[in-house]
Amino acid sequence: MTEWLTWRTAMERALYGDGGFYRRGECPSEHFRTSVHASPRFAAAIARLLVEVDTALGRPNRLDLVDVGAGSGRLLANILACLPPGLADRLAPTAVEIAPRPPELPAPIAWRPDLPPEITGLVVANEWLDNIPLDVVERTPDGIRTVLVDPSSGAERTGPDPTDEDRDWLERWWPLPEPGDRAEIGHPRCAAWASVIGRVRSGLAVAVDYSHAFGSRPLSGTLTGYRDGSTVPAVPDGSCDVTAHVALDACALAGERAGATSSRLTTQRAALRSLGLSGVRPPIDLAHRDPRAYLTALCHAGEDAELTDPAGLGGFGWLAQTVTIPLPASLAAPG
Ligand SMILES: C[S@@+](CC[C@H](N)C(=O)[O-])C[C@H]1O[C@@H](n2cnc3c(N)ncnc32)[C@H](O)[C@@H]1O
């Protein structure tokens, strides 16, 4: 007999239940390409941001660097490999990840399944929020209904009325005017982000993700599956990653309510360009003067172009929020 589940329950089981996609330690880079795996230059840019945060905090004796939803831990490992002198001894790098610790991870990186209680420094959450399970609703001729899914096939049918909490979130962030319109109810992501900001005593937290904004939400939602490097139907049976884009504007308000003292919503393209990733090809005369330097610069330009491509990773949203310190200059500029 078919077991009809809400999408939130189905995603929770498929991704994080016993034997779930992430719980069993699937390597994200084998299924999809995040900025972390696209190029170590993403980590180099985050390292520059870390230096700005360190300066704003007055170079504390202990500087936290927390990667939430750390996956393979590659981001932290790459950052450790390009730190400026004098920072490594004070840095406390922590991966927050429910998957098992990879054996080859550098020893200084702490690995834990939950957020540390207090953070002074920098928090990065790259493609974490899109994996927080959520419910889906659809406007029917009889009103808004929660969508139920058969986890083994992905077949759907409409089910009960949304809860009051769901309705409140929909009214504020994703109204559904026409029959057939669907929404993904983002309050679990807002709560997850608020729990991050609530732990930051002083510093910066950055969420990087596929996102959409009020007024331009997709009419039929964004649920997507990823397996072996391809997009596949979002069937929540544990065989694939299941994601949905993030309402980062809603997360921003949740972060402010949790204690953020300044906020910036921008794109990855604008943020990484400010952090020095231009994508500009080196001048051809460098090829004659210093062929090795030319090849290196050409390679960097190609990687920067991928990370800042507005139709790809560069189109991702960056939500940057600080607690007690000003926004770093690299993120404060308009863009
Ligand atoms: C799409 S992967 C991103 C991995 C990495 N940040 C990257 O960019 O390559 C999302 C990761 O978040 C982890 N995750 C999701 N919810 C989590 C939670 N509540 N606590 C810890 N880790 C979580 C998953 O296990 C998964 O490894």
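# Briefing: a buried helix, salt bridges and a charged patch

Nine of the 11 residues of helix H6 (residues 187-197) are buried, so the rest of the structure largely encloses this helix. The model is predicted. The chain holds 11 helices and 15 strands. Its radius of gyration is 21 Å, close to the 20 Å that the globule rule gives for 335 residues, so the chain is as compact as a globular protein of that length.

**Overall build**

- The C-alpha trace spans about 70 × 45 × 40 Å along its principal axes.
- Of the 335 residues in the chain, 54% count as buried.

**Helix H6**

- The buried residues of H6 include His-187, Pro-188, Arg-189 and Cys-190.
- Also buried in H6 are Ala-192, Trp-193, Ala-194, Val-196 and Ile-197.
- An α-helix has 3.6 residues a turn, so residues three or four places apart point the same way.

**Salt bridge Glu-306 to Arg-33**

- The chain has 12 salt bridges.
- One of them joins Glu-306 and Arg-33, with the closest N and O atoms 2.7 Å apart.
- This pair links distant parts of the chain, 273 residues apart.
- Glu-306 sits in helix H10 (residues 291-308).
- Arg-33 sits in the loop between helix H1 (7-16) and helix H2 (35-38).
- Glu-306 counts as partly exposed, at 29% relative accessibility.
- Arg-33 also counts as partly exposed, at 48% relative accessibility.

**Salt bridge Asp-54 to Arg-90**

- The side chains of Asp-54 and Arg-90 form a salt bridge, at 2.8 Å from N to O.
- Asp-54 lies in helix H3, and Arg-90 lies in the loop between helix H4 (74-80) and strand E3 (91-96), so the bridge ties together parts that are 36 residues apart in sequence.
- Asp-54 is buried, because its relative accessibility is 4% and the cut-off for buried is under 20%.
- Arg-90 is buried as well, at 18% relative accessibility.

- Glu-138 and Arg-182 form a salt bridge, their closest N and O atoms being 3.8 Å apart.
- The pair links distant parts of the chain: Glu-138 is in strand E6, while Arg-182 is in strand E9 (residues 182-185).
- Glu-138 is partly exposed, with a relative accessible area of 21%.
- Arg-182 is buried, at 14% relative accessibility.
- A network of salt bridges links Glu-138, Glu-156 and Arg-182.

**Negative surface patch**

- Asp-164, Glu-165, Asp-168 and Glu-171 form a negative surface patch.
- Asp-168, one of these residues, belongs to helix H5 (residues 164-173).
- Asp-168 is exposed, because its relative accessible area is 53% and the cut-off for exposed is over 50%.

**Positive phi in residues other than glycine**

- Arg-59 has phi near 50°, a positive value in a residue other than glycine.
- Arg-59 is in the loop between helix H3 (40-56) and strand E2 (63-68).
- At 51% relative accessibility, Arg-59 counts as exposed.
- Glu-127 has phi near 55°, again a positive value in a residue other than glycine.
- Glu-127 is in the loop between strand E5 (119-126) and strand E6 (135-140).
- Glu-127 is buried, with a relative accessible area of 8%.
- Both residues are in loops, but Arg-59 is exposed, whereas Glu-127 is buried.

**Thr-324**

- Thr-324 is in the loop between strand E15 (317-323) and helix H11 (329-332).
- Thr-324 is exposed, at 54% relative accessible area.
- The C-alpha atoms of Thr-324 and Thr-266 are separated by 20 Å.
- Along the chain, Thr-324 and Thr-266 are 58 residues apart.

Note on methods:
Residues numbered from 1 in each chain as written. Predicted model: local features only at pLDDT ≥ 70, side-chain atom pairs only at ≥ 80, totals over all residues. Heavy atoms only, no water. Patch = residues over 30% accessible without salt bridge, like charges linked within 9 Å, V, L, I, M, F, W, Y side chains within 5 Å. Areas by Shrake-Rupley, 256 points an atom, 1.4 Å probe, with all protein chains shown as cover. Salt bridge = Lys/Arg side-chain N within 4 Å of Asp/Glu carboxyl O. Lys, Arg positive; Asp, Glu negative; His and termini not counted. Charge placed at Lys NZ, Arg CZ, Asp CG, Glu CD. Helix = DSSP H or I, 4+ residues; strand = E, 2+ residues; numbered from the N terminus. Buried < 20%, exposed > 50% of the residue type's maximum accessible area, 1.4 Å probe, protein only. Rg over C-alpha atoms; globule rule 2.2 N^0.38 Å.
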